Amino acid sequence: MKKLTEEKFLLILNADARSRLLTFSDLRKFLCALFVYSLVMIGVAYKVVNGGNIGWENLSPFWQRVFRLEILLFIVHVLSILLSIPSRPFSWRFSSIAAVIFMYKAAFDAFVAFMMLAKDKHIEMFMSGRRCTV
C-alpha cells in the first residue's frame, strides 16, 4: 500500500469540496452540532430528574450510571472535536469514525430524555402483555 503524500491528500480534500461531498470543516461542524444536540437532550433529561417528581436519590442505580456515562461521553466528544486537526490524514479518519459513534449516541440521548419525561409523568408502559411502570 502506497503512502499518502501531503499533495495527494490536499488534492483529495479539494476534490471533495468541488464535488459537494462532506469536507473536513463540514465534518467538524457536524461534530459540534451533535455535541450541542446531545447537551440539550441530556440537559433536559437531567433537569426533569432534578426539577420534577423523580429526584436524583430516587433514581435507580442503572439510570444514575447512565448519566455518569453520559458525562464521560461528553468529555470524549469534546476531545474528539479538539483533536480534529485539519491537514492531517489521521484526523479525517478519526473524525469520520467519531461522527458515526456520536450519531448513535445522539439517538440514545433522545431515548434517555424520553424515558426521564415518562418517569416524571408516571406513564405506564405495556410490554409483552405485562404492565411495567417506567
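Guide: The following account begins with the chain as a whole and then turns to the core and its helices.

This is a predicted model, in which local features need pLDDT of at least 70 and side-chain atom pairs count only at pLDDT 80 or more, while totals for chains, interfaces and linings use all residues. Residues are numbered from 1 along each chain as its sequence is written, and side-chain values use heavy atoms, with hydrogens and water left out.

The protein chain holds four helices and two strands, where helices (H or I, at least four residues) and strands (E, at least two) are DSSP runs numbered from the N terminus. Their order from the N terminus is α-α-α-α-β-β. Of the 134 residues, 31% count as buried, a term for under 20% relative accessible area, with exposed over 50% and partly exposed in between (1.4 Å probe, protein chains only).

The largest nonpolar core has 23 residues, and those with the most contacts inside it are Leu59, Trp63, Phe67, Val112 and Met116. Helices α2, α3 and α4 (89–120) each supply at least two residues of this core. Such a core is a set of buried Ala, Val, Leu, Ile, Met, Phe, Trp, Tyr and Cys residues joined through side-chain atoms within 4.5 Å. With residues up to four places away in sequence not counted, Val112 touches Ile42, Ala45, Trp63, Val66 and Phe67; contact means heavy atoms within 4.5 Å.

Helix α2 covers residues 24–51. Its buried residues include Phe24, Leu31, Phe35, Ile42, Ala45 and Val49. Gly51, in α2, counts as exposed because its relative accessibility is 60%. The C-alpha atoms of Gly51 and Asp120 are separated by 9.5 Å, although these residues are 69 residues apart along the chain.

Helix α3 comprises residues 61–82 and contains Gln64. Gln64 counts as buried because its relative accessible area is 15%. Leaving out residues up to four places away in sequence, Gln64 touches Trp56, Glu57 and Leu59. Ile75 also belongs to α3, but it counts as partly exposed because its relative accessibility is 47%.
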